[in-house]
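Me: I am new to this structure. Please show me how to read its features, one at a time.

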Amino acid sequence: MAINAKKNPLNNKRINVAIIMDGNGRWALKNGFNISKGHKKGVEVVRKIVEESIKQNVASLTLYAFSSENWSRPKKEINAIKSLVISAIDEQIPELIEQKVRLNFFGHLEDFGEKIINKIKSAEAKTSFKKAKLDLNVALGYGGKQDILDIVKDISAKVLLKEIKLKDINNEIILSASSVPVNNIDLLIRTGGDKRISNFLLLQIAYAELAFIEKYWPDFTAEDFRACLDNFKKVSRRFGKRI
Ligand code: IPE
Ligand code: IPE
Ligand code: MG
C-alpha cells in the first residue's frame, strides 16, 4: 500500500481538474506586448501544466480555450487564436503521443472552419489511446448555456421519436447528452483574479472545489498547480452528508 501511495501523489484517487485559463490579455499589456503574445505564452503554460498533470496522476484536465462569448472579441484577436490552435496542435502532438495523452476537443467546433476541424480530428485520431495517461479536453467555442440548450433539444428529439420515454430521463442521460467529455469535475481553477465561472461547465462543476488564483495564466507555474492540488487534498468533501 505504501508503495502505491508513493507512486500516486493523489493517494490513489485520480481527479478531474478543469481550468479557466484567464489573464492572457492583461499579462500582455502589463509586459508591453500585443494581446496575441499573451495567448502564445498561454499555450506554453498549457504544456507545462499537462506535464505536471501526468506527474501528479490527474485523470483528466479540461481547459477553457475559447468561450461562445469570445466570438465578440476583435477579429484580429480571434484570427490569432485560430492560428495558435493550429500551431499548438502541430507542435505539441509528438509530445502528447509520447506521453500517451488522449486529446479531445468539445464545443461548437463547426464555427472554426474546416481547416481547424480537420486538424482537430486528425489530432484526436492520433491520440485515441485505449489506456491513456491523461485525458486532455479542450473547450473551443464552448458555452455552458449553449450546451444545456443542445442537451434539451437532443433529448426532446429522442422523446418525440419515442427513443426515450419522458419518465426515463435522468441525470445520467442528461450528462451523456452533453458535449463535455467528463461528467464530474473535482477541482476547478481560475487564474486572473476574477471569481466567476464565465459560462464554463455549468452542469459538471455542481460539486467541484473552486480555486481562484490571482496570477495571470501566462505566469501560472507547475508549482502553483501543485499547490492547488495539495489544497484540494486537504478539503473535506461532504456532498451534503453529515460526516
Ligand atoms: C483568456 O485570457 C484566454 C481567452 C479568453 C481566449 P484573456 O484574453 O481573457 O485575458 P484577459 O482576461 O483579457 O486578461
Ligand atoms: C473565460 O475568460 C474564457 C476563457 C478563459 C476561454 P473570459 O476572459 O472570456 O471571461 P470574462 O469575460 O472575464 O467573464
Ligand atoms: Mg479574460
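Reply: Start with neighbours. A residue is near a molecule if one of its heavy atoms lies within 4 Å of it. By that rule, the residues around ligand 1 are Met21, Asp22, Gly23, Asn24, Gly25, Arg26, His39, Ala65, Asn70, Arg73 and Ile81. This is a predicted model: local features need pLDDT of at least 70, side-chain atom pairs need pLDDT 80 or more, totals for chains, interfaces and linings use all residues, and side-chain values use heavy atoms, without hydrogens and water. Residues are numbered from 1 along each chain as its sequence is written, while chains are lettered from A and ligands numbered from 1 in the order in which they are written.

Me: Which backbone atoms lie by an oxygen atom of ligand 1?

Reply: Read polar contacts here: pairs of N or O atoms within 3.5 Å. A backbone N or O atom of Arg26 is 2.7 Å from an oxygen atom of ligand 1. For a polar backbone atom of Gly23, the distance to a ligand 1 oxygen is 3.3 Å. The side chain of Asp22 also takes part, with a polar atom 2.8 Å from an oxygen of ligand 1. Ligand 1 on its own has 380 Å² of accessible area (Shrake-Rupley method, 1.4 Å probe). The protein covers 83% of that.

Me: What surrounds ligand 2?

Reply: Its surroundings include Ile20, Tyr64, Phe66, Arg190 and Ser198. A side-chain N or O atom of Asp22 lies 3.1 Å from an oxygen atom of ligand 2. For the side chain of Arg73 the distance is 3.2 Å, and for that of Arg196 it is 2.7 Å. Alone, ligand 2 exposes 390 Å², and the protein buries 78% of that.

Me: How do I read a ring pair?

Reply: A pair of aromatic rings is described by the distance of the centres and the angle of the planes. Rings of Phe, Tyr and Trp (its six-membered ring) pair if their centres lie within 6.5 Å; planes under 30 degrees apart are stacked, over 60 edge-to-face, the rest tilted. The count here is ten aromatic pairs. Phe66 and Trp71 have ring centres 5.0 Å apart and planes at 70°, so they are edge-to-face. Ring pairs also link Tyr64, Phe106, Tyr142 and Phe200 into a cluster.

Key:
Polar contact = N/O pair within 3.5 Å; in protein donor to acceptor, adjacent residues only side chain to side chain.
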